[in-house]
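Here is a short briefing to read with the model open beside you.

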Amino acid sequence: MSLPQLYMALLAGGVVLLASIVATRVTTGVGLPSLLLFLAVGVAIGENGLGLHFDDAQLAQTLGTAALGVILVEGGLTTRFGDIRTLLAPAGVLATIGVGVSTALTAAGAHVLLGLDWQLALLLGAIVSSTDAAAVFSVLRVVPLPRRLAGLLEAESGFNDAPAIILVLVFSTTPLTLSPGGMAANLVYQLIVGIAIGLSCGFAGAVALRRIALPASGLYPLATFGLGMVAFAAGGAVDASGIIAAYLAGVVLANSGLPHRSAIRSFAEGAGWLAQIGLFVLLGLLVSPAELPGEVVPAVVVGLVLLLLGRPISVLVSLLGFRVPWRDQVFVSWAGLRGAVPIVLATYPIVEGVPGSDRLLRIVFILVVVFTLVQGPSLRLVATGLGLIPRDATREVQVESAPLDVLGAELLTLTVMPRSRLHNVTVLELRLPNPSVITLIIRDTQSFVPQPETRIEVGDEMLIVTTSKTREATERRLRAVSRRGKLAYWFDEYGQPD
């Protein structure tokens, strides 16, 4: 590549990147995962748009797998272990048994309703069986779900890619030979070794970063993210699950009390966004729009089987042994978003030369687009209708401030909803645990610093500074007063999470 060609490639890439970043504002506002926008950009600059030709499934698979590693590391680094600690068991069952049940039911529907042979039907079922981490993480940022529910969705999306990849690789063999014992042994090996590598890299890296004083603060995010990618690569190098290794390494590192946590999280989110944009644009390029209309009906049929049958039954079967409220199960069933992972997985049988697998890529692409348009914007409405969005939910605000980071401080924001008993309670009566303090109240577009006698009103947005150690106690006090008023403790209300 000559120097002028390099400049033109960088110019085109920069324009696409900046346009995608600006347009995410629109998709976020309406509750859509940004993947739809990035896919559309890829299609727009492809052979039926601006004329850029790309049909290298092998390259798409390689780059897509690397991007998934980055996205999973970012997901782990932005996950609070306290949110998923008690949910590891149900999330693990959803990620294994749930994926198997969903694969079987979707494959049966594709075979019976579309007439696909069993190999293609099983491949299609396995490809769309796992939820997409990038899509789930992006939606959870804007839908204030209870911690138990958000944590379950996060953990499931972080774990279930590995079993889906294993199934797709097994079903991509030609001729297809199924050995339940071999599949089970392969699955156990990949999961156990992947978990071991992820935890080892996470704990070893946390110990090293706490003891080594790096010469520049900007090196901490690089080192932390690099450890996650080492776990991803190490898992793949020994034929284990690099996906799970990357996610768990990120979770351990993020929850080990490392210095410069805000900078690490911001860097991880930036890297994750970059990987998503590149991945989705690439996958949009891979698809030929002229070939899509003929697969709309099959894609909708398979999507309906998955949405109305495969996903709900897999959730029901997986959570039978756990005390998960029926409302949570309904939402988890509806929130099974698909995104880049199924499209990347659809390239595996193409690379392996499975006959008819080109059609699967088109079906999966349409399914992802159509059902993301249906499910994405409706998640907040469904959560509200099921009564899952608490009126006293706090949201974390990321602030790039060295003093806050050094002190272990965190900034929260809380909006006082109409039915909240916080209304008319004074700041003094609220009695937040020391050293938590309400630093600012925004009321009717006006902001002011509250005094002890200031009364909280419906519609107020409060900025609360707390510490990592007292954050949980602060949130419990806010929930308790919101539910029963300033005498909440007299009514045995201590603000337990929903």
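The buried residues of helix α6 are Gln 119, Leu 120, Ala 121, Leu 122, Leu 123, Leu 124, Gly 125, Ala 126 and Ile 127, where buried means under 20% relative accessible area, exposed means over 50% and partly exposed lies in between (1.4 Å probe, protein chains only). Please keep in mind that this is a predicted model, in which local features need pLDDT of at least 70 and side-chain atom pairs count only at pLDDT 80 or more, while totals for chains, interfaces and linings use all residues. Residues are numbered from 1 along each chain as its sequence is written, and side-chain values use heavy atoms, with hydrogens and water left out.

**Helix α6 and its surroundings**

- Helix α6 spans residues 118-127, and nine of its 10 residues are buried; helices here are DSSP runs (H or I, at least four residues), as strands are (E, at least two), numbered from the N terminus.
- Its buried residues pack against α5 (88-114), α9 (161-171), α14 (296-318), α16 (340-345), α17 (347-351) and α18 (357-375), with contact meaning heavy atoms within 4.5 Å.
- At the start of α6, a side-chain oxygen of Asp 117 comes to within 3.0 Å of the backbone nitrogen of Gln 119. A polar contact is a pair of N or O atoms within 3.5 Å; within protein, one must be able to donate a hydrogen and the other to accept it, and residues adjacent in sequence count only if both atoms are side-chain atoms.

**Nonpolar cores**

- The largest nonpolar core has 112 residues, and Leu 124, Leu 279 and Phe 331 have the most contacts inside it. Such a core is a set of buried Ala, Val, Leu, Ile, Met, Phe, Trp, Tyr and Cys residues joined through side-chain atoms within 4.5 Å.
- Helix α13 (residues 261-286) gives the most to this core, with 12 residues.
- Apart from this core lies another, of 15 residues, including Leu 412, Val 425, Met 462 and Ile 464.
- Leaving out residues up to four places away in sequence, Leu 279 touches Gly 64, Ala 67, Leu 68, Ile 71, Ala 340 and Val 344.
- In soluble globular proteins, nonpolar side chains tend to be buried together.

**Helix α8**

- Helix α8 (residues 147-159) has 13 residues and reaches 18 Å from its first C-alpha to its last, close to the 18 Å expected at 1.5 Å a residue; the expected span is 1.5 Å times one less than the number of residues.
- Because 11 of its 13 residues are buried, α8 is largely enclosed by the rest of the structure.
- Among the buried residues of α8 are Glu 154, Glu 156 and Ser 157, along with Leu 149, Leu 152 and Phe 159.

- Ser 241 sits in the loop between α11 (219-237) and α12 (242-254), and it is buried at 3% relative accessible area.
- The Ser 241 side chain reaches the backbone nitrogen of Ile 244 at 3.2 Å.
- Val 251 lies in helix α12 and is buried, with a relative accessible area of 4%.
- Val 251 and Glu 74 are 177 residues apart in sequence, yet 9.2 Å apart in space, C-alpha to C-alpha.
- Beyond residues up to four places away in sequence, Val 251 touches Gly 76, Leu 77, Thr 79, Phe 81 and Ile 84.

**Salt bridges**

- The structure holds 12 salt bridges, each a side-chain nitrogen of Lys or Arg within 4 Å of a carboxyl oxygen of Asp or Glu.
- Glu 429 pairs with Lys 486, their closest N and O atoms being 3.0 Å apart. Glu 429 lies in helix α21 (residues 427-430) and Lys 486 in the segment after α22 (471-484), so this pair ties together parts that are 57 residues apart in sequence.
- Glu 429 is partly exposed at 23% relative accessible area, and Lys 486 is partly exposed at 36%.
- Arg 476 and Glu 472 meet in a salt bridge (2.9 Å, N to O); both lie in helix α22, four residues apart, about one turn of the helix.
- Glu 493 forms a salt bridge with Arg 483, with closest N and O atoms 3.3 Å apart. Glu 493 is buried at 17%, and Arg 483 is buried at 18%.
- Glu 295, Arg 359 and Arg 362 are linked in a network of salt bridges.
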